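The following briefing concerns the structure shown below. Topics are taken in turn, beginning with the contact between the chains.

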Amino acid sequence: MLVGWIALATYVVMAGARLDFSIERFVVGLDNAQRFLDRMFPPEILQADSMVRGLVESLEISVLASCAGIALSLPLGVLAARNLMPAWVSWPARALIALCRSFHPVIVAILFVKAVGFGALAGILTLTVASVGFIGKLFAEAIEEISLKQVEAVRATGAPFASVLAYGVLPQVMSRFVGFATYQVDSNLRNSTMVGIVGAGGIGSTLFAAFQRFDYSFVCAILLAIIAMIMVGETLARLVRSILGIDARRSDA
Amino acid sequence: MPDARLWHRHSSRERLARFALSLAVLAAVMVSIRSVEVIPEFLLDAPEQVQDLLVRMWPINFGFYPDGVHDALVDTLHIATLGTLIAIALALPVGVLSARTLVRSRLINLAARLILVATRSVNSLIWALLFVAIFGPGALAGTLAIACRSIGFVGKLIGEALEEAEPGPIEALRAAGAPWLSVLLHGYWPQLAPTFWSVLLLRWDINIRESSVLGLVGAGGIGMALDTALNLFQWTRVSLILLSIFVIVIAAEIIVTQIRKRVL
């Protein structure tokens, strides 16, 4: 126990020294923070049209990306499930999902901005990739955990693969899929406020521009708007889950 | 008559709610498609651009690794780890205050929850922008950004775990006249510990990912090296940095899965 605490303290001191943390810097920073907060409050909406456009664009990006991501991850998740598909199908699908997951959305956004130019399209593609990575992985895992009895029963009647899927597999996993999907919609909404920082559309670009002009009161107003939008989004996601009768506990991190 | 006895999976109210939901989703998608500003020409030459990007990135130039990439990578690991540690230290008290079973004051609960929601809603990149403005560019801003973003996540899960704790041992301790701190340490902590460690590992894994991009806004770590390489159009260096980010993210995921399998 004591050894653990000593090791922890040693690590913190060493890592802090390496990253050049010091009390003076912190104190100077606190002084800056004071001035910074003074300039942030009261929040002030300097360019209402740009803010509204940014918020609406963030919403559009998250809606379209969620829609495309959900539509893509449903078949991809099925293809990646090792208990339904032969290895030569499931491995490429799993590799694709892993690739989608492994990079932070901002990095993906940089690459898409290069590929399709500045604007909302890059944001939509970025978040679609993120959605496929998240929903696809969890959905494939959910399918791998199903009971095969029902699948065998449907197969025994001589049903084609589509019917096996529709009557044997999907009824067992659909509620979990919807749970993952609503979680991802929420997460897309959060991320759509950020991709704009690298030029992929949405409120992030308005925020970043305000930062660069040192309009901190406008920054504060935008941040409050983002928090409000996300809180509304969380409430809506909870409402959707209750309408569909899905247990919110598990999929609500 | 038989019509009235027909079995339905959902009550008519539920069916109405589901119908309204599908309608709302459809409307949202249609409105978004119609109003989003997408320039189709950009999409048409995307394959060419991607190909161009890949050609420029290949072959990966490993010669750049000792030259700024290695140090930045180690910095990123430290930012993620220190950030997670600071977050835990800050999130534990807030999580305790947000648990309704532990602190019986609606006002304090609500205030704690507000802190948790607010820290969670602001993206770590945006936190990093704020801290860069306050502390100047560098790893300090990145570490604090990681810490602040994680408070909401860690605190929420800790608060929920505390609320779900079995009341038996706690009541026994209270009945024996144990002070508040003892109840916390001997009644709640043993029940909280498994959640605590798994949340810690999960968040560390996420933070490794997040800290790798904070440098794009000047908050230290490998992202700063990426930003420099992008600005200089050194595409073979960009691909090296992307590869090294990929490797540490995968390594972190493997470490976390292994620890979970063995210990938890």
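The contact draws 52 residues from chain B and 43 residues from chain A, two residues being in contact if their C-beta atoms, placed from the backbone, lie within 7 Å. On the side of chain B that touches chain A, helix α2 (residues 12–35) of chain B gives the most, with 8 residues. That side of chain B comprises 37 nonpolar, 10 polar and 5 charged residues; Ala, Val, Leu, Ile, Met, Phe, Trp, Tyr, Cys and Pro count as nonpolar, Asp, Glu, Lys and Arg as charged, and the others, Gly among them, as polar. This is a predicted model, in which local features need pLDDT of at least 70 and side-chain atom pairs count only at pLDDT 80 or more, while totals for chains, interfaces and linings use all residues. Residues are numbered from 1 along each chain as its sequence is written, and chains are lettered from A and ligands numbered from 1 in the order in which they are written.

**Confidence**
- The model scores ipTM 0.77 and pTM 0.80.
- Chain B has an average pLDDT of 84, and 98% of the residues score at least 70; pLDDT is the predictor's confidence in each residue, from 0 to 100.

**Chain A**
- Chain A has 10 helices and 0 strands; helices (H or I, at least four residues) and strands (E, at least two) are DSSP runs, numbered from the N terminus.
- The radius of gyration of chain A is 23 Å, whereas a compact globule of 253 residues would have one near 18 Å; the radius is taken over C-alpha atoms, and the globule rule is 2.2 Å times the number of residues to the power 0.38.
- The C-alpha trace of chain A spans about 75 × 55 × 40 Å along its principal axes.
- Of the 253 residues in chain A, 45% are buried; a residue is buried if 20 or more other C-beta atoms lie within 10 Å of its own, exposed if 12 or fewer, and partly exposed in between, with C-beta atoms placed from the backbone.

**Chain B**
- Chain B has 12 helices and 0 strands.
- A compact globule of 264 residues would have a radius of gyration near 18 Å, but the value for chain B is 25 Å.
- Along its principal axes, the C-alpha trace of chain B spans about 70 × 65 × 40 Å.
- Buried residues account for 38% of the 264 residues in chain B.

**Nonpolar core**
- The largest nonpolar core has 136 residues, and those with the most contacts inside it include A:F112, B:L125 and B:F131; such a core is a set of buried Ala, Val, Leu, Ile, Met, Phe, Trp, Tyr and Cys residues joined through C-beta atoms within 7 Å.
- Leaving aside neighbours within four places in sequence, B:L125 is in contact with A:V106, A:M194 and A:I197, and also with B:V213, B:L214 and B:V217.

- α2(B) is hardly covered, with a count of 1 buried residue among its 24 residues.
- B:E171 is placed in helix α9 (residues 167–175) of chain B and is exposed, because 12 other C-beta atoms lie within 10 Å.
- B:E171 and B:V183 are 12 residues apart along the chain, and their C-alpha atoms are separated by 8.8 Å.
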